[in-house]
Amino acid sequence: MAENGALGTTIVQGLADLAEETLTCGVGLPDLALVAQILAGRPGACLHLVCPTTLPGWGTWWQDAEAAGLETQIMVYDQEPEAFFEDWRELGAAERIGLYLYAGRPDYRSQVMGLLLPVPYLADRAMLIHLQTGPWTRLALGDVLRLQPTLGLRGDYPEGQVLGWDSAEVTTLVSPEPQPGLVKALAAVEADLKADQLLAEARFWQGQGHWERAEQKCHQALLLDDPMIPVYTLLAEIYQTTGRPALALGTLVAALERFPTCAELHWQTGQLLESLSQIPQAMACYRQALDCSDAPPAAGQHLARLWWRQNHTEAAINLLRADLEHNPGNLETARLLIPMLMEQDQMTAAQDLYCDTLARHPDDPTLMATGAALERYQTHPDQRWRDLGHQAYRDRRPAAAARLLRRYLQTCPGEEAVYAELGDSLWQAGDRPAALEVWQTGVDAHPQSGRLHFALITHLHQRGQTEAALAAAGRARACLPEEFSFVLLNHLLVPLYYETEAEIATYYQRFSQGLTQLIAETDLGRPGVCRQVFAGLATFTNFYLPFQGVNVRDLLSQFGDWVHQVMAQLYPQWTQTLAMPPRTGKIRVGYLSHYLHAYSGSLWLTGWLRYHDRTQFELYGYYTGTTPDSMTQELRQHCHRFHHLPGDLEALARQIRADDLHILVYPELGMDPPTFRTAGLRLAPVQCTCWGHPVTSGLPTIDYFLSSELMEPENGQDHYRETLIRLPHIGVSYPQPTVPSRRRTRADYHLPEDAVLYFCGQSASKYLPQYDWILPTIAQQVPHARFLFPRGDLLKARHARAFHDAGLDRDQYCIYQAIPDRQDYLALNQLADIYLDTLEWSGGNTSLEAIACGLPLVTHAGTFMRGLHTASFLRRLGLEETVADTPDTYVALAIDLGQNPNKRRALKQKLLERQHRLFDDRYCMVGLEDFFRQAAGRG
């Protein structure tokens with residue numbers, strides 16, 4: 001068999017630069033001489049050939065391969081390329097492709113897809129060999145190179161082209177010139193690529209719930225030269241439905257760049273931005289939609305509603321009045337406008353609009369209710385402010401609610417609900433002292449109101465006023481001795497953060513003594529006491545205790561035993577040991593959480609659910625929260641059965657028992673109080689918890705704690721009541737965060753351009769006072785150092801003392817700035833220079849997002865797993881040079897990075913190059929499913 005020429009030589013030479021463990025993969029029927037040349041001298045190498053055996057010439061090609069003795073080195077997959085790579089994705093194969101040969105079908109679509117499909121599975125360095133020279137080759141190749149900027153043309157030969165891939169660099173493109181006329185001819189020759197057909201297929205698969213196939217069809221349609229607007233909107237809808245709002249937004253933005261005058265696109269983008277709480281951006285989109293000739297009427301209504309929410313009521317009224325001039329009798333516009341007029345004390349205008357609209361829509365129930373209210377306000381005018389205030393509170397317009405309810409209190413005695421909603425509205429509007437004053441006044445007026453007592457205690461606690469909160473809990477306990485919430489708070493409340501290190505020891509001792517006293521004085525055998533305790537446990541967890549930085553296993557185990565005792569007395573039928581179901585069929589695994597919605601603490605769970613082997617496991621979801629959203633929908637799709645059972649423990653327990661699980665997993669325990677009570681039952685033979693809350697549950701009913709081999713110290717088992725399971729790598733398959741393109745500058749956030757900006761993004765609870773000296777020490781050594789705290793307002797007094805002790809002024813170095821939304825948060829990660837992790841309880845989601853943004857991190861390897869999150873991420877990336885083993889080393893690393901911009905740039909580049917090792921890492925599933933098999937008796 002004659003050797004292939006220059007192309008083969010180039011390929012063989014390039015193989016020397018590729019890692020030996022990478023795969024050689026091919027599509028179609030590559031030249032057999034070239035295959036032989038690649039495999040020669042590599043007896044361990046194998047060509048994974050994706051080729052339908054119905055392809056013309058297959059039989060002859062395989063006979064020739066056998067004659068050449070190559071059959072043992074060729075593994076054939078009788079599939080189309082799209083199906084092959086879809087299977088690869090679902091299996092989560094860890095192997096990567098180093099050499100890829102495309103000799104598949106020669107039409108434009110097949111060539112483009114054939115070169116794009118393997119990209120997610122390429123090794124860090126790879127070669128793609130495009131073995132086509134047909135009429136569509138130049139166009140297809142040029143479009144691929146434009147679509148995928150990390151591919152570059154390395155060689156152009158008569159037999160084909162060599163494309164290079166290096167994830168460490170962005171290749172300078174050498175795009176072949178497309179042949180004239182090919183784009184025009186494409187529509188005529190390749191009818192299967194017509195956008196309307198692909199759109200119809202995408203809608204079909206969407207209707208069947210096959211989201212990946214629908215998404216694939218949309219992507220194929222977008223490869224056309226003239227994609228239709230509905231393709232973009234459908235793809236955005238698919239992304240949003242499957243819990244990927246950032247991708248949905250990117251799709252709509254791309255569509256707007258192409259179709260800037262399409263009102264529908266502006267409208268849909270505004271709706272998405274509003275759902276993401278990006279209100280200013282949503283309002284801009286609605287305004288742009290209104291400027292278009294085909295503006296949907298709802299755009300003005302949504303814009304008016306947002307203006308109203310932001311207290312620009314006059315602007316909202318003017319917009320809605322203008323809409324009524326063009327669309328008289330518009331029911332939705334009138335519904336919005338009438339309460340706005342009433343809030344502005346324009347009662348005559350509201351009455352006139354009501355009468356006019358009712359004449360046009362006499363059977364509308366909303367208008368009838370409005371009419372009844374208008375009639376009532378004529379005899380009881382002050383009630384208007386109470387009713388409108390309640391409605392503003394329900395509509396989440398805190399500033400308006402506070403204004404209206406305060407006006408009501410000027411002339412009327414305040415009911416319990418008025419004080420509760422007014423206090424909450426003032427708190428949300430940012431006037432915290434006024435909110436506390438209102439709740440205190442409410443407690444004085446309604447001493448039997450548990451709602452007001454609880455609001456006062458918990459918000460004093462959130463302000464860091466722990467002693468005042470404890471005093472308020474004592475008063476509440478005296479007023480309401482049968483409400484056990486206040487007994488728990490009175491005995492077990494610990495600070496949200498600490499002013500001094502001595503306070504930590506004081507409150508640890510107070511908690512220990514209080515727990516012992518609580519258990520001793522609570523007679524669970526007395527009639528009604530267990531039910532009182534059960535109700536109290538629905539409002540309380542020991543969430544803040546582990547932030548003290550000490551081993552709390554024994555205290556939490558003492559509390560866990562007591563909770564289990566309560567649950568066993570109330571529900572003895574659900575606390576007995578369960579036999580493992582028969583060892584036949586699939587293993588049934590349930591996941592129970594209050595947070596199966598768009599919540600940062602649930603992101604890691606999506607990988608487990610997405611990548612479970614459905615041939616061996618049946619997944620059951622139990623959602624107890626009350627805010628289902630697109631993330632809930634995505635998680636639901638991954639489950640064999642999904643149950644939404646909020647607020648009903650007995651129904652939940654009956655359902656789980658009926659599902660006859662082998663294993664029940666609580667992704668987090670210690671955050672949601674009702675979930676913790678449920679975990680005190682025995683609802684499955686094996687019950688586990690995970691590092692959604694990275695502390696032992698302390699419950700005797702939880703058998704295993706699923707953790708990470710990279711996060712746990714050698715003595716990790718000492719920190720858990722549960723048996724510790726160390727899963728591979730970081731233990732979870734965390735989805736790759738979608739990072740926005742860097743369009744914003746420091747000036748957009750009023751940050752100094754010349755500063756060395758340290759990002760300090762953790763909650764106040766994670767900053768222990770014994771480490772406050774770190775910041776001024778860094779500031780003394782790093783010129784222009786600034787420390788950005790998006791959630792650090794409560795720490796200002798501590799920081800002032802620490803900087804003063806070092807002879808510095810805190811205000812010259814610390815910036816306390818709330819971040820409006822997630823996009824701003826990620827933008828600030830991109831604009832910062834260094835991420836300063838917290839000691840003893842490190843960042844989790846925050847650290848992963850910093851890595852995705854390429855922000856260099858400095859961390860400290862803490863004593864407990866909760867202090868080793870960031871260190872484990874960096875170890876997985878092979879970047880341990882910024883992991884400190886002592887606080888002094890931590891400071892030295894932070895100073896060194898602050899003084900050396902070149903080091904920061906190099907570290908940033910490494911983070912971006914290697915982050916694929918960390919995100920969507922499915923290897924943890926091997927360990928997780930092996931454990932599940934052993935736990936279910938299938939090992």
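Which residues of α23 are buried? The legends below take up this question together with other close-up views.

**View 1. The helix α23 and what covers it.** In this predicted model, local features need pLDDT of at least 70 and side-chain atom pairs count only at pLDDT 80 or more, whereas totals for chains, interfaces and linings use all residues. Residues are numbered from 1 along each chain as its sequence is written, and side-chain values use heavy atoms, with hydrogens and water left out. The buried residues of α23 are Gly450, Leu452, His453, Ala455, Leu456, Ile457, Thr458, His459, Leu460 and His461, where buried means under 20% relative accessible area, exposed over 50%, and partly exposed in between (1.4 Å probe, protein chains only). Because ten of the 13 residues of α23 are buried, the helix is largely enclosed by the rest of the structure. The cover over these buried residues includes α21 (416-428), α22 (432-445), α24 (466-479) and α25 (484-492). Helices (H or I, at least four residues) and strands (E, at least two) are DSSP runs, numbered from the N terminus. The end C-alpha atoms of α23 (residues 450-462) are 18 Å apart, which agrees with the 18 Å that its 13 residues should span at 1.5 Å a residue, the expected span being 1.5 Å times one less than the number of residues. After α23 comes Gly464, whose phi is positive, near 85°.

**View 2. The open sheet of seven strands.** With parallel pairing, the strands follow the order β10-β9-β8-β11-β12-β13-β14; two strands pair if DSSP finds at least two bridges between them. At the edges stand β10 (641-644) and β14 (723-727), each of which pairs on one side only. From one strand to the next the twist averages 25°. Helix α31 (residues 649-659) packs on the sheet, where it touches β8 (587-593), β9 (617-623), β10 and β11 (663-666), and its direction makes about 175° with that of β9. Axes are lines fitted to C-alpha atoms, for helices over the stretch in contact, and angles run from 0 to 180 degrees between N-to-C directions, while contact means heavy atoms within 4.5 Å. Within the sheet, β12 (residues 686-690) and β13 (residues 704-708) pair in the parallel sense over three bridges, and Cys690 stands opposite Leu706 in β13.

**View 3. The hairpin of β6 and β7.** Strand β6 (residues 151-157) pairs with strand β7 (residues 160-166) in the antiparallel sense over six bridges. The hairpin joins β6 to β7 through two residues, and Tyr157 stands opposite Gly160 in β7.

**View 4. Surroundings of Asp387.** Asp387, in helix α19 (residues 383-394), is buried, with a relative accessible area of 18%. Not counting residues up to four places away in sequence, Asp387 touches Arg376 and Tyr377.

**View 5. Surroundings of Leu768.** In the loop between β15 (756-759) and α33 (774-781) lies Leu768, a buried residue with a relative accessible area of 4%. Leaving aside residues up to four places away in sequence, the residues that Leu768 touches are Ile504, Phe547, Gln548, Gly549, Arg798, Leu839 and Glu840. Leu768 and Thr882 are 114 residues apart in sequence and, from C-alpha to C-alpha, 21 Å apart in space.
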